[in-house]
Amino acid sequence: ELFVWQGHHHVIADVLDRWRVDEGWWRWHVWREYFKVVTSTGLLTLIYHDVPSNTWRLQRVYD
């Protein structure tokens, strides 16, 4: 698997953690799957999949 950030392809080498958030169904519903991943070049990131819209987002890049 890979993702694109700043115009470059980043190959995911390992998934370090994974969790789901499903809350706020009574108001603004948030349903996401989060992944803390490291790329083949050592970039540590937090990405998530927004389930209702079926979109992927980069949440954080750790330094």
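How many aromatic pairs does the structure hold? The structure, a predicted model, holds three aromatic pairs. The legends below take up two of these pairs and some of the residues around them.

**View 1. The stacked pair of Trp19 and Tyr34.** The rings of Trp19 and Tyr34 form a stacked aromatic pair, with 5.4 Å from centre to centre and 5° between the planes. This pair links distant parts of the chain, since Trp19 belongs to strand 2 (residues 8-23) and Tyr34 to strand 3 (residues 30-39). Is Tyr34 buried or exposed? Tyr34 counts as buried because its relative accessible area is 10%, under the 20% limit. Trp19 has a relative accessibility of 34% and is therefore partly exposed.

**View 2. The tilted pair of Phe35 and Trp56.** Phe35 and Trp56 form an aromatic pair described as tilted, with ring centres 5.7 Å apart and planes at 35°. Distant parts of the chain are again linked: Phe35 is in strand 3 and Trp56 in strand 5 (residues 55-62), 21 residues apart. Phe35, at 10% relative accessibility, is buried. Trp56 has a relative accessible area of 49%, so this residue counts as partly exposed.

**View 3. The ring cluster of Trp19, Tyr34 and Tyr48.** Ring pairs join Trp19, Tyr34 and Tyr48 into a cluster. Both Trp19 and Tyr48 are also among the residues in contact with Tyr34, when neighbours within four places in sequence are left aside.

View 4. Which residues does Tyr34 contact, apart from its neighbours within four places in sequence? The contacts of Tyr34 are Asp17, Arg18, Trp19, Val21, Leu46, Ile47, Tyr48 and Gln59. The side chain of Tyr34 also makes a polar contact of 3.0 Å with the side chain of Arg32. Gly24 lies ten residues from Tyr34 along the chain, and the C-alpha atoms of Gly24 and Tyr34 are separated by 17 Å.

**View 5. Lys36 over the ring of Tyr62.** What lies over the face of Tyr62? Lys36 takes this place, at 4.7 Å from the ring centre of Tyr62.

Definitions and conventions. Residues numbered from 1 in each chain as written. Predicted model: local features only at pLDDT ≥ 70, side-chain atom pairs only at ≥ 80, totals over all residues. Heavy atoms only, no water. Phe/Tyr/Trp six-rings, centres within 6.5 Å; stacked < 30°, edge-to-face > 60°. Helix = DSSP H or I, 4+ residues; strand = E, 2+ residues; numbered from the N terminus. Buried < 20%, exposed > 50% of the residue type's maximum accessible area, 1.4 Å probe, protein only. Lys NZ or Arg CZ within 6 Å of the ring centre and 35° of its normal. Contact = heavy atoms within 4.5 Å. Polar contact = N/O pair within 3.5 Å; in protein donor to acceptor, adjacent residues only side chain to side chain.
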